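Please look through the sequence and the structure shown here before reading the report below.

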Amino acid sequence: MEIFIEESALPFQLTKNILKNYSAKIIPSYENFKWEEKPFYELISLGKKRLFLINYKGNFFRDCPGTKIYFCCGYKIFHFGEGCPLDCSYCILQAYLNRPGLKIWANLIENGLPELEKVLDIHKNQKKVLRIGTGEFADSLALESMGNVSETLINFWKEKDPLAVLELKTKIAISENYFSKFKPDPRIIFAWSVNTEKIIKEEEKGTATLEKRLESAKKAIDYGFTVAFHFDPIVFYEDAEKEYPKVLEKILNTIPLKKIAWISLGTLRYPKELKIIAEKRFPKTKIYSQEFIEGLDEKKRYFIDLRKKLYISFKKLINEVKDLITFYFCMEGERIWEEILGKRINSSLEVKLLLDNVALKLCYDKN
């Protein structure tokens, strides 16, 4: 991994921490960095091995970039950087981010945490719970050994005691040594994106096996944390309806149900430009060869009958534990909610309140 540091990022604590263990090259700025003259899809691959520490000028706290057309969950983001060293063929970041490379905002301690603290204080005074995560523009933990961003946030939660949960989404395995550094806190949710072994092997380059992800989840619980799982994206292929329920069954048989905050379900969807980039980067992938329609949010998605077919494959298992675990859909409408989960959900606000109630319980459990 090559590390590049903007000159203006040198004074910040995170930069100093990284320089204690790694060598780096100083550059005037990321914007002036000279990339090779290659097609953009090749630069994406090159960028997986280049980390940039940047003096970030934007907002650290922001809304999840969902859609206004389908139901969203009202999730909030602590935006600590962009890009991921893992390499999934369906990753929307390939098209969403127009700047290659892995990027961490070097000033997140000096500027990001005070911004976050103000927001948390306001909501705590108003007795409003927040669900905050870091895994939308980057894997929450894939670069943890270098930047320790999640460790910084976990310690921040302990110090500030906010009325909020912190969800750290990842596809990697986490060692027991990592969890042992912290005191138990059910408000910290370690969450794993999960998929079938076929999709993990063929489409999720560099990620941990399903077995390793579940082993990590068990360790998180042993050390007093909460866990969550995200079936997103659910990808259609022959026997998908048989194999996805087996993954859920494995989770339910492995993980104590009362320690699972929530489980989300969402089928493959993508902006049309992603297909062009992904098929050049992953010439063997077949996930874009199915028939798709353009949804109301202008993203490609499976026809609703196929989405229902995939979701229905989970229904028997969901019904067995629905009183113990909160399930929710990512980017679906009321029809799917009612037909699969039997819930009359008519707005994004109702989805938000459903998950806020779970988060509030975790905050009370902490006390």
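The report that follows treats helix packing and then a few residues.

This is a predicted model, in which local features need pLDDT of at least 70 and side-chain atom pairs count only at pLDDT 80 or more, while totals for chains, interfaces and linings use all residues. Residues are numbered from 1 along each chain as its sequence is written, and side-chain values use heavy atoms, with hydrogens and water left out.

Two packed helices are described by the angle between their axes and the distance between the axes. The table lists two such pairs.

| Helix pair | Angle | Axis distance |
|---|---|---|
| α4 (residues 108–125) and α6 (residues 149–160) | about 40° | 12 Å |
| α10 (residues 240–254) and α12 (residues 304–321) | roughly 25° | within 8 Å |

Helix α10 is therefore roughly parallel to α12, whereas α4 and α6 are oblique to each other; angles under 35 degrees count as roughly parallel, over 145 as roughly antiparallel, 65 to 115 as roughly perpendicular and the rest as oblique. The crossing of α4 and α6 is right-handed, and the crossing of α10 and α12 is right-handed too (clockwise turning of the near helix from the far one, by less than a right angle).

Glu36 sits in the loop between β2 (25–27) and α2 (40–47), and Glu36 counts as partly exposed because its relative accessibility is 32%. Ten residues separate Glu36 from Leu46 along the chain, and their C-alpha atoms are 9.2 Å apart.

Methods: Axes are lines fitted to C-alpha atoms, for helices over the stretch in contact, and angles run from 0 to 180 degrees between N-to-C directions. Helices (H or I, at least four residues) and strands (E, at least two) are DSSP runs, numbered from the N terminus. Buried means under 20% relative accessible area, exposed over 50%, partly exposed in between (1.4 Å probe, protein chains only).
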